[in-house]
Amino acid sequence: MRSSNKYAGRLMFVLALGAMLVLSACGRSTAGTIVEDKVNVVTTFYPIYEFASEIGGEDANVINLLPTGVEPHDWTPRGQDIVNTSKAQLFFYNGAGLEGWVPDFLKGLDSETKVKAVEISKGVDLITTTEDDGHDHGGAAEDEHNHEGEEHAEEEHAEEAADAKHIDPHTWVSPKSALTMAGNIRDSLIEADPAHKAGYEERYETLIGKLKQLDEDFTAKLAAVPNKEIVVSHQAFGYLARDYGLDQHAIMGLSPDAEPRAQDMLNLAKLVKEENIRYIFFEELVSDKLAKTLAGEAGVETLVLNPVEGLTKEQAEKGDDYFSLMQKNLQNLLLALQ
Ligand SMILES: [Zn+2]
């Protein structure tokens, strides 16, 4: 009897361990749970999670929806995310078109919910792009699989897509817009929990001190480089380029899943040669295949430029954050543009 109990116990342990491994393999191990005596804040993705955690401090319980190692453009929430968000006091999303699923998600929340949804990029001077370099979005690329008889409609659709205006959602990639976003987070926390106003104010001041330092570093150091043209895989650096005097050329569109046309790749390779561009930038959460192909075609090297849309598992373990990744971005920009 005894040995069979022991065996059963060990079996349970192995099964539990297996379940834990499966959970962490799905990247769900970081998802938090609602805490009763704090302000519960649900955030959609990493930079907002970091800023909300810093300003919220001990007074807030911040839960991030997007798992570690996942990029946000294609992600959509699950049932458990709706349950958690319904019980929270605040729901912070970027807006500016990043999370297309938000309107349906909010409609799906429990009818009793008191959660307040806040668009954190509100007040940032948004960039509208026509994607005039001809980069298609995922939707347009899917049309290639249409039947032959629909060819005409497909052409019309492609023309419409080329003229369509898109809002660039990547506000947080510029420390200048991150300052505005931090202000929105502070205001919302104070409104939801006025009793802890002093704490929110104090931690907000610490955070914006760091953001202002980062802004000064980017401004001073990038003003001094002789070259201003950057070639990136995913069109995520529009705000950074605008705020610090750079010119962004992207292989892919605002969402990193679209395949570029061969002609676009040739034009970019030509630009790289003409402008004496020495590095093509890629990012870690998305395949570097196209950046490597273009770099090979043009005979140049690749470097990381991180849109800080999320951390890789390694970065999370190392304790990387918005500031360490942005400092690394600045170093790589200086290396490429000297
Ligand atoms: Zn992006």
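Colleague: Which residues does Phe218 touch, not counting residues up to four places away in sequence? Please take the answer on into the parts of the chain around it.

Modeller: Phe218 touches Pro175, Tyr244 and Leu330, once residues up to four places away in sequence are left out. This is a predicted model, and what follows is computed from it. Phe218 lies in helix H8. It counts as buried because it has 23 C-beta neighbours inside 10 Å, where 20 or more are needed. Leu240 is 22 residues from Phe218 in sequence, and the two C-alpha atoms are 9.2 Å apart in space.

Helix H8 covers residues 197-223, which makes 27 residues. From its first C-alpha to its last it reaches 38 Å, close to the 39 Å expected at 1.5 Å a residue. Phe218 is one of the buried residues of H8; the others are Tyr200, Arg203, Tyr204, Leu207, Leu211 and Leu214. An α-helix has 3.6 residues a turn, so residues three or four places apart point the same way. The cover over the buried residues of H8 includes helix H2, helix H7 (175-192) and helix H13 (322-337).

Helix H2 (residues 46-56) lies across strand S1 (39-43), S2 and S3, and it runs at about 170 degrees to S2. These strands belong to an open sheet of 4 strands with parallel pairing, in the order S2-S1-S3-S4. Its edge strands are S2 (60-64) and S4, each of which pairs on one side only. From one strand to the next, the twist averages 25 degrees. Strands of a sheet pair through backbone hydrogen bonds, either parallel or antiparallel. S3 (residues 90-93) and S4 (residues 116-119) are joined in the parallel sense by 4 bridges. Leu90 has Lys116 of S4 as its bridge partner. Between S3 and S4 the chain passes through helix H4 (residues 102-107), and this β-α-β crossover is right-handed. Further along the pair, Phe92 stands opposite Val118 in S4.

S7 and S8 run parallel and are joined by 4 bridges, with Gln248 in S8 as the bridge partner of Ile230. S9 and S10 also pair in the parallel sense over 4 bridges, and Tyr279 has Glu301 of S10 as its bridge partner. The chain crosses from S9 to S10 through H11, again as a right-handed β-α-β crossover.

The buried residues in H10 are Leu268, Ala269 and Val272. Seen down the axis of H10, these buried residues fall within an arc of 100 degrees, so they line one face of the helix. They pack against strand S7 (229-232), strand S8 (247-250) and helix H11 (289-298). The face turned away from the buried side of H10 carries Gln263, Leu266, Lys270 and Glu274, which are exposed. Asn276 follows H10, and its phi is positive, near 55 degrees.

For the setting as a whole, the protein chain has 13 helices and 10 strands. Buried residues make up 38% of its 338 residues. Of the contacts in the chain with a separation of 6 or more, 69% are between residues 24 or more positions apart.

Notes
Residues numbered from 1 in each chain as written. Predicted model: local features only at pLDDT ≥ 70, side-chain atom pairs only at ≥ 80, totals over all residues. Pairing = 2+ DSSP bridges. Helix = DSSP H or I, 4+ residues; strand = E, 2+ residues; numbered from the N terminus. Right-handed = clockwise from strand over helix to strand, strands pointing away. Axes fitted to C-alpha atoms, helices over the stretch in contact; angles between N-to-C directions. Contact = placed C-beta atoms within 7 Å. Expected span 1.5 Å × (residues − 1). Buried ≥ 20, exposed ≤ 12 C-beta atoms within 10 Å, placed from the backbone. Arc of directions from axis to C-beta.
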